[in-house]
Amino acid sequence: MSGHGKTNAKTMNRFDLTKRLVLRLTQGEAVIGGIGNTNFDLWEAGRRPENFYMLGSMGLAVPIALGVALAQPQRRVIALEGDGSLLMQLGALGTIATLAPRNLVVVVMYNGTYQITGNQKTATAFKTDIPAMARGAGLAQSFWAADEHEYEELVARALAEPGPWLIAARIDHEPGVGATDRDPAQIRDRFMRGIGAKS
Ligand SMILES: Cc1ncc(C[n+]2csc(CCOP(=O)(O)OP(=O)(O)O)c2C)c(N)n1
């Protein structure tokens, strides 16, 4: 599966991919949405108590998901992160590889830009390949999804088989669909109750 590099991966749509992922969640999986578009599409794909919507800082969806995965090893934890945001926190890849939580899945929405702030190109628009960097960091199960079919296959495997996993999907430049309520304390409290970390 997935010998494909980024150049021959199909351009897909983030909201469509987010809905496909959420439809597969039946076991109380936690989902951490990154700043901006990944959050907006996760919000619009259906509010779940186990969703956490990161506001404000780029690059924190993956480290937060790592923390949740370590704290609750019986629960699958999925980070949805933009490629620009993941570039800001590359060290997290090495930490994940070192700690190797079997229940962690990172999904990278790859548009080669900081889309939400005006489509400035990121290194990932040029030579930089995040799954290749992730493999170099020690995450052997790091793949490009060639198309929607392969994305679904990879997600199904990542929800069922031991991780950690990283799945990259090349996406178009459609803006995020929803708009997260901007109330950090409420987002935190709902999530903590949703994963049983607070009564
Ligand atoms: C540390 C930090 N630097 C800059 C910003 C401003 N900012 C917010 S979102 C964003 C772009 C995010 O890019 P990416 O994660 O690739 O998602 P996209 O917008 O392409 O969906 C930027 C530059 C920020 N919020 N935090």
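Guide: Let us begin with how directions are compared: axes are lines fitted to C-alpha atoms, and angles run from 0 to 180 degrees between N-to-C directions. Please bear in mind that this is a predicted model.

Visitor: At about what angle does α8 run to β2?

Guide: Helix α8 runs at about 160° to β2, and α8 lies across both β1 and β2. A further case is helix α3 (residues 61-71), which lies across β1, β2, β3 and β4 and runs at about 175° to β3.

Visitor: In what order do the six strands of the open sheet follow one another?

Guide: The general idea comes first: strands of a sheet pair through backbone hydrogen bonds, either parallel or antiparallel. Here the order is β2-β1-β3-β4-β8-β7, and the pairing is parallel. β2 and β7 are the edge strands, each pairing on one side only. On average, neighbouring strands of this sheet are turned by 15° against each other, direction ignored.

Visitor: How many bridges join the strands, for instance β1 to β3?

Guide: Strand β1 (residues 30-33) and strand β3 (residues 77-82) run parallel and are joined by four bridges; Gly 33 has Leu 80 as its bridge partner in β3. Strand β4 (residues 104-110) pairs with β8 over six bridges, also in the parallel sense, and there Val 105 is partnered by Trp 165 of β8. Between strand β7 (residues 142-144) and β8 there are three bridges, with Trp 144 opposite Ala 168.

Visitor: Which helix belongs to the β-α-β unit with β7 and β8?

Guide: Helix α7 (residues 148-160) does; together with β7 and β8 it makes a right-handed unit.

Visitor: Why is β8 described as largely enclosed by the rest of the structure?

Guide: A residue counts as buried under 20% relative accessible area. Strand β8 (residues 165-170) is largely enclosed because five of its six residues are buried.

Visitor: Which residues have the most contacts inside the largest nonpolar core?

Guide: In soluble globular proteins, nonpolar side chains tend to be buried together. The largest nonpolar core of this model has 56 residues, and those with the most contacts inside it are Ile 32, Val 77, Ile 78, Val 108, Tyr 151 and Ile 167. The strand that gives the most to this core is β4, with seven residues. Leaving aside neighbours within four places in sequence, Ile 167 is in contact with a set of residues including Val 105, Val 108, Phe 143, Tyr 151 and Leu 154.

Visitor: How many aromatic pairs does a search of the whole structure find?

Guide: The search finds four. Planes over 60 degrees apart count as edge-to-face. The rings of Trp 43 and Tyr 53 have centres 5.0 Å apart and planes at 70°, so this pair is edge-to-face. Trp 43 lies in helix α2 (residues 37-44) and Tyr 53 in strand β2 (residues 51-53), ten residues apart. Both are buried: Trp 43 has a relative accessible area of 8%, and Tyr 53 has 5% relative accessibility.

Visitor: What are the distance and the angle in the pair of Phe 52 and Phe 191?

Guide: Their centres are 5.3 Å apart with 55° between the planes, and the pair is tilted. Phe 52 is in strand β2 and Phe 191 in helix α8 (residues 184-194), so the pair ties together parts 139 residues apart in sequence. Phe 52 is buried, at a relative accessible area of 14%, and Phe 191 is buried at 6%.

Definitions and conventions. Residues numbered from 1 in each chain as written. Predicted model: local features only at pLDDT ≥ 70, side-chain atom pairs only at ≥ 80, totals over all residues. Heavy atoms only, no water. Phe/Tyr/Trp six-rings, centres within 6.5 Å; stacked < 30°, edge-to-face > 60°. Helix = DSSP H or I, 4+ residues; strand = E, 2+ residues; numbered from the N terminus. Buried < 20%, exposed > 50% of the residue type's maximum accessible area, 1.4 Å probe, protein only. Pairing = 2+ DSSP bridges. Right-handed = clockwise from strand over helix to strand, strands pointing away. Core = buried A, V, L, I, M, F, W, Y, C linked by side-chain atoms within 4.5 Å. Contact = heavy atoms within 4.5 Å.
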